[in-house]
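This report describes the overall build, the helix packing and several individual residues of one protein model. The sequence and structure follow.

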Amino acid sequence: MRRDIPPLAEVRRITEKKRDAWWTVLLVDPVATPLVRFTAMRTRVTPNQITWGAFILGLGSAACFAFGDWKWLALGAVIYHFSFIFDCMDGKLARLTGQGSVFGAWLDFVFDRIRVMVCGVALMWGQYDRTGDTFYIWLALAVVALDTLRYINSLEIFKIRHTMRKQIKARMRAARRAQNEAELAFMEDLLRDNPSADIEQDLQRAAGEAVGYVQQPSDGTVGAEADAEAAPKPKAQVIDLHQEFRQKFPAYLRVRSFLLRHRIRAHLVSGIEFQMGVFMIGPLFDAVMPVTIVSGALLLVFELAIIYKLLLSTRDFTRTIDSFEEQKVVTAA
């Protein structure tokens, strides 16, 4: 038995994300985190082995779905939930024990996509065989397509945001070299790092919260003399790439702040909730078709909201880049 594993409270701090899907926060973490601690203390199981276990359970869930009868549907739903708990445990165990790897992340990603595809096809095939309704065939295609669309959308949005931030940082570094400007901070990072604070206070104090720099004296003095002669820390220039969105939807800020205080992200219907609706709630209540339709519609609504937010963010990005050009013209004049 390993004795270097910390108490449960510390394990929660290490393994649980600062913000996560509400299904994970409320229904998975309370089970997965203690299991991760127990696994790390008393076994030699690796994260990749847990990933394989989650995948095998997912295939077992698909086999149950294929029978189509409600009892098998309910069993498949329970197995799928355990599969998802295992799927959350592999990353937690990797963070706790330092056994994470690039290949493990790839394996987890690929197995997740295969599990959704196989379970979606098996579930809808079982219902088609049970009822003869061809609409279930279209639902199988829709489940796979929506899961794929969600991942493609999230990856592309991440790339675009990364590109915008990279360009702004490059402009800022050039301006700082020329004019000895202050450090740079992004509003979304300040809000994410301090979710328990009120949004209004964050907006007022954001410029003073980022770490500045201290200029060292040129004569080589150190210690107390250096501290006394050090230049004051300049305030950070905060770049808010969601300014227009916040102005259009001020109520969103309070809702987001409340959710983040409970570790719940504002994206309330993501791929996790979509999967749980299709593979748990629908089968448990023998209402696969209506629950799948509602889950898919809600997923699309939230994905479109993210795309709209990205559109507004690109406008803020353009205005920020233009402001650098204006500053350059004023400086040159």
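Arginine 37 is partly exposed, with a relative accessible area of 24%; here buried means under 20% relative accessible area, exposed over 50%, and partly exposed in between (1.4 Å probe, protein chains only). Arginine 37 belongs to helix α2, where helices (H or I, at least four residues) and strands (E, at least two) are DSSP runs numbered from the N terminus. Not counting residues up to four places away in sequence, arginine 37 touches Ile5, Pro6, Pro7, Leu8, Val11 and Leu96, contact meaning heavy atoms within 4.5 Å.

The model is predicted: local features need pLDDT of at least 70 and side-chain atom pairs count only at pLDDT 80 or more, whereas totals for chains, interfaces and linings use all residues. Residues are numbered from 1 along each chain as its sequence is written, and side-chain values use heavy atoms, with hydrogens and water left out.

**Other residues of helix α2**

Tryptophan 23 is also placed in helix α2, and at 7% relative accessibility it counts as buried. Leaving aside neighbours within four places in sequence, tryptophan 23 is in contact with Val28, His81, Phe84, Ile272, Glu273, Met276, Met280 and Ile281. The C-alpha atoms of tryptophan 23 and methionine 276 are separated by 8.4 Å, although the two residues are 253 apart along the chain.

Threonine 24 lies in helix α2 as well and is buried, at 2% relative accessibility. With neighbours within four places in sequence left aside, its contacts are Asp29, Pro30, Phe84, Cys88 and Ile272.

Proline 30, likewise in helix α2, is partly exposed, with a relative accessible area of 43%. Beyond residues up to four places away in sequence, proline 30 touches Arg12, Thr24 and Val25. Proline 30 and arginine 12 are 18 residues apart in sequence and 9.4 Å apart in space, C-alpha to C-alpha.

| Residue | Relative accessible area | Class |
|---|---|---|
| Tryptophan 23 | 7% | buried |
| Threonine 24 | 2% | buried |
| Proline 30 | 43% | partly exposed |
| Arginine 37 | 24% | partly exposed |

**The protein as a whole**

The protein has 13 helices and two strands. Buried residues make up 42% of its 333 residues. The accessible surface comes to about 18300 Å², of which 63% belongs to carbon and sulfur atoms; these areas come from the Shrake-Rupley method with a 1.4 Å probe. Among contacts between residues at least 6 apart in sequence, 78% join residues at least 24 apart.

**Packing of α4 and α5**

Helix α4 (residues 70-97) and helix α5 (residues 102-131) pack at an angle of about 175°, with their axes 12 Å apart. Axes are lines fitted to C-alpha atoms, for helices over the stretch in contact, and angles run from 0 to 180 degrees between N-to-C directions. The two helices α4 and α5 are therefore roughly antiparallel to each other, a term that applies to angles over 145 degrees. On the α4 side the contact is made by Trp70, Leu73, Tyr80, Ser83, Phe84, Asp87 and Asp90, which meet Asp108, Asp112, Arg115, Val116, Cys119, Leu123, Gln127 and Arg130 in α5. These contact residues of α4 and α5 divide into seven nonpolar, two polar and six charged. Ala, Val, Leu, Ile, Met, Phe, Trp, Tyr, Cys and Pro count as nonpolar, Asp, Glu, Lys and Arg as charged, and the others, Gly among them, as polar.

**Nonpolar cores**

In soluble globular proteins, nonpolar side chains tend to be buried together. A nonpolar core is a set of buried Ala, Val, Leu, Ile, Met, Phe, Trp, Tyr and Cys residues joined through side-chain atoms within 4.5 Å. The largest such core holds 41 residues, of which Leu123, Met124 and Phe279 touch the most other members. At least two residues of this core come from each of α2 (22-42), α3 (47-67), α4, α5, α6 (135-179), α12 (271-284) and α13 (288-332). The most is given by α4, with nine residues. A second, separate core of 11 residues includes Met164, Phe186, Phe317 and Phe324.

Note on methods. Parallel < 35°, antiparallel > 145°, perpendicular 65-115°, else oblique.
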